[in-house]
Amino acid sequence: MKRIVCEECKKVYDYDRDEFCPRCGAFNPPVRTWGVDAQGNVVRVDGVSEQNHAGSFVHREVHREKAVRRALGMDWNKTRGARRPAPPPRRQPPESGPQAGSQNKTLLWVAVIIGFFSFVLPLLAALLDLLFSF
């Protein structure tokens, strides 16, 4: 059982049960192999640093993901100790008013016309064929 502290939100959790923080979703390896410099850039402690992998695909992906997390408010600001912003309000269902009733009537009429052409007309054609076949 590896009890670790999330570096983003400081929650203590069991790494064997959850590899990602259950509160904020950040990945925290059990052995600290990286650090964060004053600008918030990830600096590897085990020999890989920002300078020697700057052009790599992994470097671009890590920083692109970090930018997305910050833009969506998923990355907590450590300097001010700010919490995540409140989620956006949920969209309300459309109001049921006079326009909703007219749309329902239009759909009903379309269904009646389609039913007429697909059921009643072939039935009438079959009846007329029966009458005139004698």
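Buried means under 20% relative accessible area, exposed means over 50%, and partly exposed lies in between (1.4 Å probe, protein chains only). Keep that handy for the tour.

This is a predicted model, where local features need pLDDT of at least 70, side-chain atom pairs count only at pLDDT 80 or more, and totals for chains, interfaces and linings use all residues. Residues are numbered from 1 along each chain as its sequence is written, and side-chain values use heavy atoms, with hydrogens and water left out.

**The whole chain**

Start with a cartoon view. You'll find 2 helices and 4 strands; these are DSSP runs numbered from the N terminus (helices are H or I with at least four residues, strands are E with at least two). Follow the sequence and the pattern reads β-β-β-β-α-α.

The chain exposes about 11200 Å², and carbon and sulfur atoms supply 62% of that; accessible areas come from the Shrake-Rupley method with a 1.4 Å probe, and for residues only the protein chains shown count as cover. Of the 134 residues, 17% count as buried. As for contacts (heavy atoms within 4.5 Å), among those between residues at least 6 apart in sequence, 22% join residues at least 24 apart.

**Stop 1: the cysteines**

Select cysteine 21. Is this residue buried or exposed? Cysteine 21 is buried, at 4% relative accessible area.

How many disulfides does a search of the whole structure find? It finds 0, where a disulfide is a pair of cysteine sulfur atoms within 2.5 Å. For cysteine 21, the nearest cysteine sulfur belongs to cysteine 9 and is 3.5 Å away, and cysteine 21 is in no disulfide. Next, pick cysteine 24: its nearest cysteine sulfur is that of cysteine 6, at 3.6 Å, and cysteine 24 is in no disulfide either. Cysteine 24 counts as buried, with 9% relative accessibility.

**Stop 2**

Go to lysine 10, in the loop between strand S1 (3-5) and strand S2 (12-14). Phi of lysine 10 is near 70°, a positive value in a residue other than glycine. Most residues other than glycine have a negative phi. Lysine 10 counts as exposed, at 56% relative accessibility.

**Stop 3: salt bridges**

A salt bridge is a side-chain nitrogen of Lys or Arg within 4 Å of a carboxyl oxygen of Asp or Glu. The structure holds 2 of them.

Show the side chains of arginine 17 and aspartate 18: they form a salt bridge, with the closest N and O atoms 3.4 Å apart. Arginine 17 is exposed, at 65% relative accessible area, while aspartate 18 is partly exposed, at 23%.

Then move to arginine 64 and glutamate 61, whose closest N and O atoms are 2.5 Å apart in a salt bridge. These two sit 3 residues apart in helix H1 (residues 57-71), so about one helical turn separates them. Arginine 64 is partly exposed, with 47% relative accessible area, and glutamate 61 is partly exposed too, with 30%.

**Stop 4: a nonpolar patch**

Finally, select Ile113, Phe116, Phe117, Phe119, Leu121, Leu123, Leu124, Leu127 and Leu130 and color them: they make a nonpolar surface patch of about 870 Å². Patches are made of residues with over 30% relative accessible area and no salt bridge, joining like charges within 9 Å and nonpolar side chains (Val, Leu, Ile, Met, Phe, Trp, Tyr) within 5 Å.

Zoom in on leucine 121. Where is it? Leucine 121 lies in helix H2 (residues 98-132), and at 33% relative accessibility leucine 121 counts as partly exposed.
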